[in-house]
Amino acid sequence: MRRESRYKSDTDHIVWSFSMKSDVEELMPRLLPVETCDTGEDFKLNEPPRNPQEYLRQVQLEASLCPDVVVAKIDPKKLRKKQSVNVSLTGCQAAPQGFSPSLKWQRQQVSNFSEIRQSISKHRQHWSGHALDDNVLMPKQDSEEQWKKFCLGENVYLNSPPIDPGAEDRGLDYVKVGFPPFLSIVSRLNQATVSAVLEYLINWFEEREFVPQLGRWLYALLACLEKPLLPEAHSLIRQLARRSSEVRANLESQEDERLSPLNLMICLVARYFDQNDLADKED
């Protein structure tokens with residue numbers, strides 16, 4: 001049987017054309033003796049077969065009624081959503097002289113990170129069973145803006161730091177300053193949500209500066225990210241390392257409080273998640 005395929009120019013349909021008039025016997029020799037399909041009055045396709053011979057004749061007739069052209073309807077909206085993953089092979093920007101960490105420091109961070117991941121995995125069920133405070137309303141997985149506000153706080157999200165000097169005396173307002181990645185929170189996140197929130201925060205970081213709330217959440221999400229990495233996660237963490245190196249390259253002082261967490265992001269992506277081409281070399 002020969003099969004020819006063609007695509008229509010629009011994305012609403014994919015059309016497959018089958019040539020049913022080829023010599024079927026050549027490719028599929030007949031194993032059972034079946035008479036040529038006869039659609040006489042004594043043979044009704046919509047009734048149960050009365051014997052094996054009639055069943056085979058029904059199958060034969062149904063096959064002959066199959067259309068030569070089959071049209072599959074496809075929703076264009078589904079085609080537009082992440083059909084492919086582009087993984088950039090571009091490396092990190094080199095650190096200014098004296099800004100990159102030592103190999104000893106990098107190995108120690110990887111060791112610490114590995115222990116934290118093991119602990120989270122071991123105690124995930126325990127922590128996920130802890131009740132959340134009434135003010136902790138976790139966003140839905142696809143609520144990108146709500147997750148940014150949840151993790152970073154309205155002050156950072158809206159770029160409006162608090163000016164009330166008495167705020168500390170009244171206790172922290174997590175809605176304003178962001179919810180920390182408590183184990184009782186991150187233990188409730190499945191892998192799809194971990195990847196989604198990681199993507200939201202990295203995309204935010206692409207256009208903004210590094211802040212402590214961002215660093216805490218990125219570290220926690222990386223600690224919850226399961227290996228082996230899916231292609232989407234692989235691309236995301238490389239994006240994170242490259243952006244971290246870009247911000248680091250513009251730091252003016254080794255005393256900048258952002259240097260250590262930026263080095264840490266690059267170190268974990270490169271050394272723990274095996275993106276070795278992004279790794280810092282010792283000065």
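In what order do the elements of the chain run from the N terminus on?

1. From the N terminus on, the order is β-β-α-α-β-α-α-α-α-α-α-α-α-α. The chain has 11 helices and 3 strands; these are DSSP runs numbered from the N terminus, helices being H or I with at least four residues and strands E with at least two.

2. The model is predicted: local features need pLDDT of at least 70 and side-chain atom pairs count only at pLDDT 80 or more, while totals for chains, interfaces and linings use all residues. Residues are numbered from 1 along each chain as its sequence is written, and side-chain values use heavy atoms, with hydrogens and water left out.

3. Of the 283 residues of the chain, 33% count as buried (under 20% relative accessible area, with exposed over 50% and partly exposed in between; 1.4 Å probe, protein chains only). Among contacts with a separation of 6 or more, 71% join residues 24 or more positions apart, a contact being heavy atoms within 4.5 Å.

4. The largest nonpolar core has 54 residues; such a core is a set of buried Ala, Val, Leu, Ile, Met, Phe, Trp, Tyr and Cys residues joined through side-chain atoms within 4.5 Å. Elements giving two or more residues to this core include α8 (191–207), α9 (212–224) and α10 (231–249). Leu201, Leu214 and Leu222 have the most contacts inside the core. Leaving aside neighbours within four places in sequence, Leu214 is in contact with Leu152, Leu201, Trp204, Phe205 and Glu209.

5. The structure holds 10 aromatic pairs. Rings of Phe, Tyr and Trp (its six-membered ring) pair if their centres lie within 6.5 Å; planes under 30 degrees apart count as stacked, over 60 as edge-to-face and the rest as tilted. The Phe205 and Phe210 rings have centres 5.7 Å apart and planes at 70 degrees, so this pair is edge-to-face. Both Phe205 and Phe210 are buried. One aromatic cluster is formed by Trp147, Phe150, Tyr174, Phe179, Phe182 and Trp217.

6. Phe205 also has a charge over its ring: the charged end of Arg243 sits 5.2 Å from the ring centre. The charged end of Lys227 sits over the ring of Tyr272, 4.6 Å from its centre. The criterion is NZ of Lys or CZ of Arg within 6 Å of the ring centre and within 35 degrees of the ring normal.

7. Leaving aside neighbours within four places in sequence, Ser187 is in contact with Arg124, Trp127 and Ser128.
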